[in-house]
Amino acid sequence: MQIASNHLLLFDSLYLGGGTPSVLKPENIGRIIENAYRLFNILTDSEVTIEVNPGTVTPEKLKEYQNIGINRLNIGVQSFQDINLDFLGRIHSTNDATKTIKWAGKAGFDNIGIDLIYGIPGQTKKTWISDLRKAVEFEPEHLSCYMLTYEKGTPLERERQKGKFKPVSDFLAGKLFETTMEYLTTHAYVQYEISNFAKDAHRKSRHNLKYWSFTPYLGFGPSAHSFIEFQRYWNCRNVKKYINNIKEGRLPIEEKEILNREQRMIEMVYLGLRKTDGIDINAIDEHLCINFRQIFAEKIKQLEKDGYIFNIQSKNHCALSRKGMLFLDSIASMFISEGTHTK
């Protein structure tokens, strides 16, 4: 999505997810897409993605997705091992995942993404490579490999606090991350963000790149977030409250905030460093009215010397090396702590 000169919003991506939108009937999803095109300036060659959970779709449903204009699938496989799926509380089996991927190809989709999770208790480098190998065998256009996190208030986090399982060590998590980069690069996937890999530049998730590039976006539905011109707002979580607000002609916005200079610095640095292209120095200088190279000259020199960043001189970007990606949080903190105190 980009801001046009006449201040109208132009969109080149439409994303249906998170949650499990694939439980909806295709005709209802079609109505959502149709109304989105009617109400907003969505380009004709836009990327239209739906998140699909194995076990919630059929070959017929996938074919109907094609007919209503969806051109990209993101399949939440998570693992090709039932023991891992059981631990994660997924409703599908390995067999369900395999069938869904095959059905998607037969339905005519040529832009398929698969999501995997690593860092699952009991997982080893060998079992993780097994998942990667299985995924690559299907030759998806996109792969997302996320480290398992324990979100506050989730069943997994409660079980972790009760000591029902032991999370993987930071050392093993780092090794699994390195294994992911090495294996997928060897098998012709290009890493363009810490957790994301594509067959080529045209298969990067156009939609997700908006978030990492600090680009405006609009979100609809309970809990959905939007971001326009440094203002972020999010909708109420309660579905009934959301529907009642709409019926009564009120926007279902729960809260909003205007990002101050410090918040913008934090997000632009952290999100920029997640991308393999790194931080766009011109953009950050313009948005924050700073001289990035000058402010961080000493830190940049040391990080380059230690092999954590590169390209700072040859390109207008400050990017992490593979070694640096292992220390994203601490490196981002180095920049943020100093940058937020610079006026």
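In helix α11 (residues 281–288), the buried residues include I281, I284 and L288, where buried means under 20% relative accessible area, exposed over 50% and partly exposed in between, with a 1.4 Å probe and protein chains only. The model is predicted, so local features need pLDDT of at least 70 and side-chain atom pairs count only at pLDDT 80 or more, whereas totals for chains, interfaces and linings use all residues. Residues are numbered from 1 along each chain as its sequence is written, and side-chain values use heavy atoms, with hydrogens and water left out. Helices (H or I, at least four residues) and strands (E, at least two) are DSSP runs, numbered from the N terminus.

**Exercise 1.** Determine how the buried residues of α11 are arranged about its axis, and which elements they pack against.

*Step 1.* Viewed down the axis of α11, the buried residues fall within an arc of 65 degrees, so they line one face of the helix; the arc is that of the directions from the helix axis to the C-beta atoms.

*Step 2.* An α-helix has 3.6 residues a turn, so residues three or four places apart point the same way.

*Step 3.* The packing partners of these buried residues are α10 (261–274), β12 (279–280), α12 (292–295) and β14 (317–320), with contact meaning heavy atoms within 4.5 Å.

**Exercise 2.** Classify the ring pair F80 and F138, and locate both residues.

*Step 1.* Rings of Phe, Tyr and Trp (its six-membered ring) pair if their centres lie within 6.5 Å, and planes under 30 degrees apart count as stacked, over 60 as edge-to-face and the rest as tilted; the count comes to 15 aromatic pairs.

*Step 2.* The centres of F80 and F138 are 6.0 Å apart and their planes stand at 25 degrees, so the pair is stacked.

*Step 3.* Because F80 lies in the loop between β4 (72–78) and α3 (82–88) and F138 in the loop between α5 (125–137) and β6 (142–147), the pair ties together parts that are 58 residues apart in sequence.
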